[in-house]
Amino acid sequence: MIAMKESASFINITGTGGPMNLHRCHAVVFALWARLSRLSRLPSGAGCLLCAAACPGALHAAAPATSALAGQWRVETAVGATSDNGVVTDIMGKGILTITRSASGLAGSIAWLDEQGQVSSTRDMDGRFEGGRAVFTHAGKRVTRGRDGEDASTEVTVRWTLAAQGERLVGERLIETDEDEPKPVRGQRVAARDVRPLAALRLVAASAPQREPDAAPARGPSTEAERARVLRLARAPEIERGHDPRAAMLRDGAWLDSWVREVPDLTFEPGPAFGWLGAAGGAGSGEVLQFQYTASAMAFQIEQPMPRVQPDAVAAAGMEGASRAYEALLRRDPKQRSEKLDLALSARARGELPAFLAALGGRDPGAAFAGPGRTASDDPVVQAVVRLGTTDGRALEWLDILSNRFGGRMPGSDAYTHAAAWARMQFAQWGLRAELEEAGQVAVGFNRGPWMARMVAPREETLRMATPAFTAGTRGRQRGLAVAGPATLDQALARAAEFRDKWVLIGGRSSGGGRDGEYFHRPRAIMLALAKAGALGTIQAADEPLYSGTAAPTSWDALPTLPDIKLAAAQYDAIRQRTASGEPVVLEFDIRNWFYPGPVAWHNVVARIPGTQQPDEIVLLGAHLDSFDGATGAADNGAGVATMMEAMRLLAASGAKPRRTIMLVLFGAEELGLKGAAAFAQQHAAALPGVVMMLNRDARPGALSGIAVPPAWGDVFARVQRNLAGVHPVFGFEAGIEHAPRPRNRGNTGSDADVFAAKGILTPRLSALTDFDYEHVHHTVADTYDQVLPFRTAQQYSAIALAIIAHEVANAPAGTGRQPGADGPAGCDGRPAGSCPVTVSGR
């Protein structure tokens, strides 16, 4: 209950129920003010004096909150994120937050600390109170790492919303762009004895060493003397009579290797030819030829400076030098002759060295089979595999079907479902046992259709765009003006009328995932506001080739409605500049993305050739069938699936009856976090101890050129190497021994082989001879059949190699890779699961 007593000179307000709330005081006083003003016509401004007099706390309401916040706080919050196969990990930052009073109420600064606790950067912040919490803002930059490895920065505003709870600080930090969500802030008050002024912190930052005290300073560009030395090394085989390439390598090899790695103004990329020389020359001369290749490649760059390195020209210079060194070796010792190195000399004599180098990169026509391949093996199955593989190869036929009949294969799409059914049917037609094994479900089905994009005004221009899978399409062909997007939710709400029937340009640089989530659709408040306002869709800048990820809805009731368009950065920037200058820009999009109710099951495809003597021991082959669907999934991973399928066809057609079971699994949802491999490992847990080896194909298209295995498998793979020696005139296979275990990836990152490596199963790394530009196509709209087509012979050779490897491992003598009575999986030298020396199959 409130009592008021009026007189000509004062107003007395009391609360009979206890102390009056400040806001209630204001309400009562201003109600009274309105009444008095009508009765006595009080002068202007008297209301403010009346409020101050009657409610004295009004002038100091912010003082307790300011006092509670003032001081220094050790804070921690997310300052960025990384993503790998669907696993998004926050990058945490730590700093010292200083809050002080200012004329406007609050001021602050944040000093970020590095791993050694030294200040790495500082920002001054403006502060104010909003709704009982302190809000600080400062300018900043968002840095996004592009697919080309270059960083792109965007000016942003960073907002901190904070409150003190005793000695703890709580709140959130938001980068005010329309793609970010707030990140929690946690802090602890710094004890008075630990507090240092910000000036002192800055002083530490300025005086902190930029590197470890003992670190050597970065070296400068190559010197004239160094360049002259490299030129002498490159010319020696040609100009020195009686030149000894081996002696030159022993004298200068270590220096050249170190110089190439350290010098900043010249670049050396070994490439396929470098590796091929090592294998073709063997233990006798391979290292010598690689030394000469390096010297000649670097000399070419010294003599012919180029604004950008031209790999083909550098490789040709390197191979020319290696050929001269090979001739010098033969003059000193004819026993150093190599059939494969003679091919290089022959190509050089005919002026066809560029075509020969293309063959070393796995490209046709230089890599085409000259006729039926030869093999030193007397095994009729190996002979049949080589004959069929070189005269009736069909690896590219399977890739054509996967890429051009089904296309991109996202789990939950018709394309994936139909591709899995076709693969099972194909295996059955070859006489193999094949099943579809359900491995998971998605909440909603999705099919991608065609898309069209263009600028209509101020001039006609076709636009280069992509959308992530499981994102909304347009409502037919839709045309509208482009407008700059809001920086904050408050702006989105205040400018809602501006966004109706407009294409909204949002900030940041797309990394390929969905606008509303890296892998799952979780729209943020600002996007919901744009959709409610009637925006046609959002447009974000993206590097080319455009990356196409996914952001799947979690239910039919939560389908996305606002198209998420990723536009080529150059075109985006031009449109944004036009709109900033006030020039109207009209855009038109037609995007056919379709959904259907789920849940939709997806399957692994399992095919096997049963073992005749030890059927419970398994040689496991793998490749992931799924792909992102911005393109057709040709390289990633249609090429891997096609070679594995072809290997199984060759074995079946050759009448293979292996001692152990050979099993191929086409895994689903590898791109979504190795889910298919994890499901298979769980469903077949009892069989995993019998897996003697797992070989996975998920890498650049090319010709398999080698493998590294533990010593127990050395004899088996030496036989593989001999069997493949004459299959192709250029390609070869080198089996190496690896004694030390390789580190294993944990969780659901990497590739499918990592799931099995974590179970202690041997997963050797397969190397390949190829110059395929995998980064150009990986998860982008460029991953199409035509990119793989030049490597058709290399792909077929790989299928032959995989078939022979599987056959030899499956028929290795009983106990190979085991000690008698061992408990662990085969291939572990009798050690238990988890202690095997394993290598990881990766991309």
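This is a predicted model: local features need pLDDT of at least 70, side-chain atom pairs count only at pLDDT 80 or more; totals for chains, interfaces and linings use all residues.
Residues are numbered from 1 along each chain as its sequence is written, and side-chain values use heavy atoms, without hydrogens and water.

On a 1 Å grid over the protein atoms alone, a pocket is an open set of points with protein on both sides within 12 Å along at least five of seven lines, a cavity is a set where a 1.4 Å probe fits but cannot get out, and lining residues have an atom within 4 Å of a point. Volumes are the space filled by probe spheres set on the points, which are joined across faces, edges and corners. At least two lining residues of the second largest pocket come from each of H7 (271-303), H8 (311-332), H10 (353-360) and H22 (774-777); helices (H or I, at least four residues) and strands (E, at least two) are DSSP runs numbered from the N terminus.

The structure also holds 3 cavities of 30 Å³ or more. Among the residues lining the largest cavity are Ser548, Asp629, His779 and Asp783. The table sets out both spaces, with Ala, Val, Leu, Ile, Met, Phe, Trp, Tyr, Cys and Pro as nonpolar, Asp, Glu, Lys and Arg as charged, and the others, Gly among them, as polar.

| Space | Volume | Lining by class |
|---|---|---|
| Second largest pocket | about 930 Å³ | 16 nonpolar, 4 polar, 10 charged residues |
| Largest cavity | about 60 Å³ | 2 nonpolar, 6 polar, 3 charged residues |

Now to the interior. A nonpolar core joins buried Ala, Val, Leu, Ile, Met, Phe, Trp, Tyr and Cys residues through side-chain atoms within 4.5 Å; buried means under 20% relative accessible area, exposed over 50%, partly exposed in between (1.4 Å probe, protein chains only). The largest core has 140 residues, of which Trp276, Phe427, Leu666, Trp713 and Phe717 touch the most other members. H7 contributes the most to this core, with 14 residues.

Strand E5 (residues 105-113) has 7 of its 9 residues buried, so the rest of the structure largely encloses this strand. E5 runs antiparallel to E6 (residues 119-130), joined by 8 bridges; strands pair if DSSP finds at least two. Gly108 stands opposite Met125 in E6.

Finally, helix H9 (residues 339-349) buries Lys340, Leu341, Ala344, Leu345 and Ala347. These buried residues fall within an arc of 160° seen down the axis, so they line one face of H9; the arc is taken from the directions from the helix axis to the C-beta atoms. Glu339 and Ala349, on the other side of H9, are exposed.
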